[in-house]
Amino acid sequence: MVGALDDDEVDLGSPRQQAVLVMLATRAGRVVTMSQLIEGLWGEAPPASAEQSVYTYVAGLRRVFEPGRGRREPSTLLIGTAGGYRLQVDPGQVDSRVFAERLDAAGEARRVGDHVAALRRLHQALALWRGPALSGVPGPFAESERARLEELRLTAAEDRADTLMRLGRPQEALAGLQDLTRHHPFRERPRELLMLALHGSGRQAEALTVFEETRRLLSEELGVDPGDGLRRAHQLVLSGAGGDAVPAPPVPRQLPRDLIGFVGRADESARLKTLLVPEGDGPPHPFVVISGPPGVGKSALAVHVAHMVKERFPSGQLYVNLRGGTPNVARLSSHDILSRLLRGIGTLDDAIPAEADEAAALWRSRLHDKRLLILLDDAADLTQVRPFLSAPIGTALLVTSRESLIAGDDCVQLQLGPLSDAEATAMLAGLAGAGRVSADLPEATRLVRLCDGLPLALRIAGARLASRPDWSVGALVRRLSDERGRLHELEAGELAVRSSLAASWNALNGSARPADRLAARMLALLGLLHVPDVTTEAASSLFDSSAPEAERALERLSDAHLLERGVPGRYHLHDLVRLFAGELTPAGERIAPLTRVLSYYAASAQSAARTSDPHRVHPFHLFEVDHPGRRFGSADEAYAWLTQQEAVLLAAASQALRDPDDGVAWLGMAIAFAMAWYQEKAYRIADMLSTGAQMLLVADRLDDDRIRMHVHGYVGAGRYHKGQMAEAVHDGGQLLALARRLGDRFNVQRAHGNLAATYVKWGRFDDALRNALAQREIARDISSSVGERYALLMLGSAYEGLGRLTEAAAALAEGAAMARSAGDAMQEAHVCITLGRVLLDLGELDKARALLESALALARDSKSKTAEAGCLVLLARAHRLLGRLGEARERLSQAVSLASGMDSAYWLEQALQEQEALGMGTRPAPA
C-alpha cells in the first residue's frame with residue numbers, strides 16, 4: 001500500500017501500520033481513541049503489547065508524512081490528544097470520503113430528476129477505484145470498511161446503468177451490467193437492469209433468456225424465486241414484446257418534506273436503510289422502530305430515511321401522526337389510524353368498516369402484492385400500533401415512539417441517542433449561520449453540550465441566535481450556564497424542551513397503571529441527585545423502597561426514554577431531563593430522600609475503604625451514618641466498587657458540600673473522607689484539591705475543630721502530591737496545632753509525619769529529620785505501629801537526603817520488617833523503594849534490583865500508583881547501572897506511560913531524567 005506526499009508515492013509501512021492510517025483517514029479531523037485503534041487492529045483479543053505497537057505505528061506514519069519534523073517537534077498532521085489521535089487533513093484528501101460525497105450528490109441529482117448531473121457524479125465516483133479497496137490491510141475495521149466500500153461500489157455501478165437507461169442510452173449500460181452479473185451472479189438488481197437494457201436495445205429474446213437463467217440459478221442454488229424487481233422487469237419485457245401496457249395506478253406520496261438542513265445520523269440512516277431496502281431487492285423488514293427521549297430527533301430521522309428509500313416502495317408512502325406525545329391533544333385511536341391509512345390507498349369513506357377489527361382485516365387484504373412504506377409518527381405505546389403488525393410481507397411499518405416497542409412481533413428497534421458534537425455543531429451552524437458558529441467554536445461546543453446534543457434544544461438555541469443577530473454564541477452560552485434558568489431559556493415560540501419532557505412525565509404520572517405512577521415519582525426524586533449515574537441500590541435508598549421495586553421504576557423510566565441504561569444495573573439522566581426532574585419535588589420535601597441516598601453512599605464508601613486496605617487510618621468515628629450501606633467480601637471487590645463508583649461518589653460529595661443544609665453538607669464530608677486513601681493511591685490529585693477547597697469552607701461553617709483538623713490533613717496530602725510545598729507545610733502546621741489543642745496525640749504524630757514527608761520532597765532534610773524523630777517518639781509512646789513504621793520511612797528518607805546512607809539503610813530495613821510483619825503491603829512497598837534507592841547509592845546493585853522487583857509487586861498489589869511509578873524509575877536505573885539496557889528501556893517505558901496517565905509532572909520529570917541518562921530521547925507517548 002502506498003500513499004501520496006507532495007504528489008510522490010510513499011511506502012506506508014507494515015500492513016498493521018496501514019490499518020492504523022485507514023482508521024484515522026476514515027475519520028479525518030476526528031479523534032480516534034486508543035481503544036478504538038486496538039479493537040480495529042486486533043478485535044476482542046489484542047496482544048499485551050497492543051498499545052505500545054500503536055505508538056510504534058503512529059511514529060512510523062509520522063516519519064512517512066513529516067520526514068523533516070524534528071524529534072521533539074509536535075506533529076501538525078497526526079496529532080496526539082489525551083484520548084487518542086487525530087489525522088488533521090481535509091476530508092477531500094480521503095478517497096473514500098470523496099467517493100461517498102459524489103455518490104450522495106448523484107443520489108440527490110437522481111431524486112430531482114437531473115440524470116445528466118447524476119451520471120457525471122457517478123462516473124467521477126467510480127473513476128476513483130483502482131482495484132479492491134484496502135487490499136492486504138488486516139484487522140476487523142479494515143474488513144468491515146472493505147465490505148462497506150465494495151457494497152457502495154456495486155450500488156454505484158448499478159445506479160450508473162439505471163441512469164444511462166433513464167437517459168435513453170441502454171446500449172452503453174450493457175457491458176457494465178454483463179460484467180456485474182458475471183462477477184455477482186446472485187445479485188438480482190444487475191440482472192433486472194440487464195433485462196431492461198436488453199429490452200431497451202430491442203433485444204427482447206435475450207432479455208427473456210436472462211430472466212429464465214436467473215430463475216433457474218436462484219431455484220437450483222438458493223431455493224428461492226425471483227424477487228419483485230425481476231418479475232416486474234419480466235412483465236415489462238413481455239408486454240413490450242406484444243402485450244398492451246397497463247397504466248400504473250396513482251400511488252400515495254404522503255411523506256412530510258425532508259428537512260433541507262438535516263445533518264448527521266449517517267450510521268443510523270445506513271442501518272435503517274438496510275432494514276427497509278435489504279440487499280438483493282428482498283422484502284423490507286416489516287416493523288422498524290426509532291425510539292428515544294423527547295427532542296432527540298426521531299421524527300426528523302424517520303422522514304429523512306423514508307425519503308431516502310421511497311423509490312424502492314413503488315406502491316407509495318403513507319404518513320400518520322399518532323399524537324402519542326402531543327400535549328393536551330388526544331392520541332389517535334386504532335380505528336382513526338386505520339381509516340386514514342385506508343383512505344390513503346384509495347378506499348372510499350363509505351367502504352371503511354365502523355369496527356376496528358373489520359377495518360384492520362380490510363386493510364390487510366388491500367395490501368397484498370403491494371410494496372408500501374407506512375410512517376407512523378409519535379406512537380404512544382405498542383397497543384396503539386399493534387393492529388398494523390400483521391400486514392403482508394412487502395409492507396414496511398416505520399414507527400417513532402418515546403416508548404420502547406421492542407416487544408412487538410418482528411420488531412427491530414433503533415434507540416436514538418444525542419447528536420455527536422460534530423453533528424450538533426453542524427446543525428447549529430445551519431440554523432444560526434456558519435460564520436457565526438465558526439467564529440467561536442469553543443463556545444459553540446459548550447452550547448452543544450448544554451443542549452445535551454438534543455436536536456430540539458439545538459433548534460431552539462439556533463432559532464434564538466437567528467432572531468438575535470446582536471448576540472454572540474458565548475452570550476447564549478452564559479445564559480444557559482445558569483442551571484436555574486436553562487429550561488426557560490430553551491423556549492422559542494411553540495418549541496420548548498420543558499413542555500416536551502413534561503408530556504412524557506405527565507403520561508406516566510396520570511396513568512392508570514401503578515407502575516407508571518411509581519416511575520413518575522422516581523424521576524422526581526432522581527432530579528434531587530446530581531451524579532453521573534445511579535445504581536438500583538442507590539435508587540432504593542433515595543426512594544425508600546426495596547431494590548426490586550426501585551429497579552421496576554428505573555426500568556419503566558428507561559423504557560420511556562426518560563432514563564438511559566448504562567452498564568447493567570446503572571442508569572443515567574441527561575442534564576436537561578435532570579433539570580426538569582429537579583422541578584418536580586417541592587423544596588420542603590427534598591432533605592429526607594437526599595439524606596437517605598447520601599447516607600447510603602457514605603456508609604458504603606466507608607465499608608469499601610476499610611475492606612480494601614484495613615491498615616489505613618480514617619476519621620470515620622466523626623462520621624457515623626445511620627445506614628447499613630453496602631458490604632464487601634474481599635479487598636479486591638471493595639477496591640473495584642470504589643473504582644466503578646468514583647465519579648458518582650465525587651459528584652455526590654461535591655453536591656452535598658455545596659448544600660446550605662448543614663446535615664447534608666456533613667454527609668458530603670463523610671463521603672469525601674471515605675474516598676481519601678483511594679484518591680491518593682489512584683493519584684486523583686486534582687479531585688482532592690477541588691474537594692478539599694469545598695471541605696475547608698464547610699469545616700469553617702460547622703466550626704468543628706476535630707473536622708477542621710482532618711480537613712487540613714486531607715488538603716495537605718493533595719498539595720503535597722501537587723508539589724505545592726509551602727501550602728502543604730501550612731496545612732501540616734494547622735493539623736499539628738489543632739491536634740495539640742484537642743489533645744489528640746495520634747494526630748500530633750501524624751502531623752509530624754506529614755511535615756517530614758513534605759520537607760523531604762522539598763529538600764529540607766534537617767526539618768524532615770526533626771519531624772520524623774518527633775513522630776517516632778510519640779508513636780512509640782502511644783503504641784501506634786502504623787505511625788512508627790511511617791516514621792522509620794521518613795527517618796530513612798531524611799538520612800538519605802543528608803548523605804547518611806548507612807543510617808538510612810538501617811532505619812528503612814527496620815521499617816520494612818515492621819510493615820512486612822503487619823501485612824501492610826503499601827507501606828512495605830514505599831519503604832522498600834526508598835531502601836532500594838539507598839542501596840543503589842551504596843553500590844549494592846544486585847541487592848537493590850532484587851528488592852525493587854519485590855517492591856514493584858507490592859506496589860501493584862496495593863494499587864499505589866506513586867509507589868509503582870517510583871519503583872519503575874528506580875528499576876530502570878538499576879538495570880542501566882548493571883548494563884542491562886534492554887530491561888532498563890522496558891521499565892522506563894512503563895514508567896513514562898504510567899506517569900503520563902497519572903498526569904504527574906513530578907514522576908514524569910523523574911522518568912525523563914532517567915531517560916536522558918539512558919539516552920532514549922523523547923518519551924513514547926502521544927505528542
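Me: How many bridges join β14 to strand β15?
Reply: Strand β15 covers residues 570-572. In this predicted model, local features need pLDDT of at least 70, side-chain atom pairs count only at pLDDT 80 or more, and totals for chains, interfaces and linings use all residues. Residues are numbered from 1 along each chain as its sequence is written, and side-chain values use heavy atoms, with hydrogens and water left out. Strands β14 and β15 run antiparallel, and the number of bridges joining them is 2.

Me: Which residue of β15 is the bridge partner of R565?
Reply: Strands are DSSP runs of E, at least two residues long, and helices are runs of H or I, at least four, numbered from the N terminus. Two strands pair if DSSP finds at least two bridges between them. For R565, the partner in β15 is Y571.

Me: In what order do the 3 strands of the open sheet stand?
Reply: The pairing is antiparallel. β13 (534-535) and β14 stand at the edges with a single partner strand each, so one side of each has no neighbour in the sheet. The order is β13-β15-β14.

Me: Is H561 buried or exposed?
Reply: H561 lies in the loop between α25 (547-559) and β14 (564-565). Its phi is positive, near 60 degrees, though H561 is a residue other than glycine. Buried means under 20% relative accessible area, exposed over 50%, partly exposed in between (1.4 Å probe, protein chains only). With a relative accessible area of 5%, H561 is buried.

Me: What is the relative accessible area of D378?
Reply: D378 sits in strand β8 (residues 372-379). D378 is not a glycine, yet has a positive phi of about 65 degrees. D378 is buried, and its relative accessible area is 15%.
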